Amino acid sequence: MKGQHGLRDVSERGSFSGKIGFIMATAGSAVGLGNIWRFPTMAASHGGGAFLLAYIIIVVVFGLAMVCTEIALGRMTRKSPIDAYGTLRPRAKIIGVLSTLVPALIYPYYCVVGGWIIGYLGYYLAGSDCIGIFGDFSGSYLAVLTTIVFISIVGIIVYLGVDRGIEKLSTIFMPVFLILLVILVVYVLFQPGSMGGMEYFLLPDLSHVDASVFTSALGQAFFSLSLAMGITITYGSYMKKQDSIQRSSMTVIVIDSAIAILAGLLIVPIAYNAFGESMPSGAGLVFVALPEIFTGMPGGTLVAIFFFIMLFIAAVTSAVSILEAVVSTIIDRFHATRHRAVLFVTLPTLVVGTLISLGFGPLDWINIAGKGLLDLFDFASNTVLMPVVALLMCIFIGHVIGPKVITDEIESSGGFSLKRIYPILIKWVFPVFLAIILVTGVLGI
């Protein structure tokens, strides 16, 4: 229902029914493909246990402060990113614009990867071992079809709304995801040769600890928690005023970190046994290396099916949050209905997603600055825009509106253990580290 000035009611934007729904949805947004294929690879290439120790330290301080900040921004304004920043300072809308641009760039190529997961799951259900098929499959029109299927699934969920779509999906999918992950971890740890990889991953060797380990761990925490993507601000705008921001943030961080560690226990032992510290990363790990490993394992086909179902859940819950961040902005800025906003984003996504998918086949000749379409979108969003948005957010809060605005919102529904050091972190510490992430990422250091 619209008010006298045409502004849409908070109830029309939607809200979570309670704390559990908010936590499950926010955790679902954080638990994505980065937990499954980025975290284990980063750990393996940066000293295993040394990286894990650095990650835990950083996520407790950096992660908690940043997640609390973004939730507070959303809850205090009841707006999506552009209007959340604009409500506090009109000129700050540019931070919200850049923040919304991040998920808008990520969503099409994330759906392409989601389509690959559907394709591999289909192959395994049909009895194929999937060895050596990635090149042919990713460049085929079948991959375009599976991308369209993935886009449609995510669009329908967001179309249903916050409580009937996003919240219900998360409260069902997240427990299933955890159950599958634990089953696979237990199975892998009982496989011959897994003990060496498990010890490498869990036991920190302090001789491996250096500046690069902490920088890499900070970058992983930053990406893993979906920071600077507008998602946490958007979900915060749906949060009830009486729910504790710090407790909810801590729960999300614990769930996300636990899943990242479990993913490490799943992948590092088997991949470390096969490749050592130079294990493949990204798509090469999931779609090339792991299928070869699954084939040599007892019951490998069933293990692969469980793995790709789990991966599908992670991809869907994250893609839903990415789409919701953009849809919520359209609802707020243009007073559109949710249904029209979803269609407004989905239709161009189908076009762009198809082009990115074809970039592995008929359009593989497209190459900009040495990057294909998917890598170009990934570089622009993850390597450039995300650190820039987070850096601008820290400067805005620390030096423009003042940290007290955020700490007051956090404390309005509970305590904030980082209150005393928060001003120092948000003003000086975080900007320095975010600048390092930005420079090293852009320069490829």
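What we have is a predicted model, where local features need pLDDT of at least 70, side-chain atom pairs count only at pLDDT 80 or more, and totals for chains, interfaces and linings use all residues. Residues are numbered from 1 along each chain as its sequence is written, and side-chain values use heavy atoms, with hydrogens and water left out.

Let's start with Gly165, which sits in helix 9, residues 162-189. Helices here are DSSP runs of H or I with at least four residues, numbered from the N terminus. Is Gly165 buried or exposed? Its relative accessible area is 5%, so Gly165 is buried. Buried means under 20% relative accessible area, exposed over 50%, and partly exposed in between, with a 1.4 Å probe and protein chains only. Leaving out residues up to four places away in sequence, Gly165 touches Ile157 and Leu160, where contact means heavy atoms within 4.5 Å.

Now helix 10, residues 194-202. Its buried residues include Ser194, Gly197, Met198, Tyr200 and Phe201. They cover an arc of only 160° around the axis, so they lie on the same side of helix 10; the arc is that of the directions from the helix axis to the C-beta atoms. What do these buried residues pack against? The partners are helix 3 (33-45), helix 4 (49-77), helix 9 and helix 13 (245-275).

Finally, Leu53 is in helix 4, and at 37% relative accessibility it counts as partly exposed.

Notes:
Helix = DSSP H or I, 4+ residues; strand = E, 2+ residues; numbered from the N terminus.
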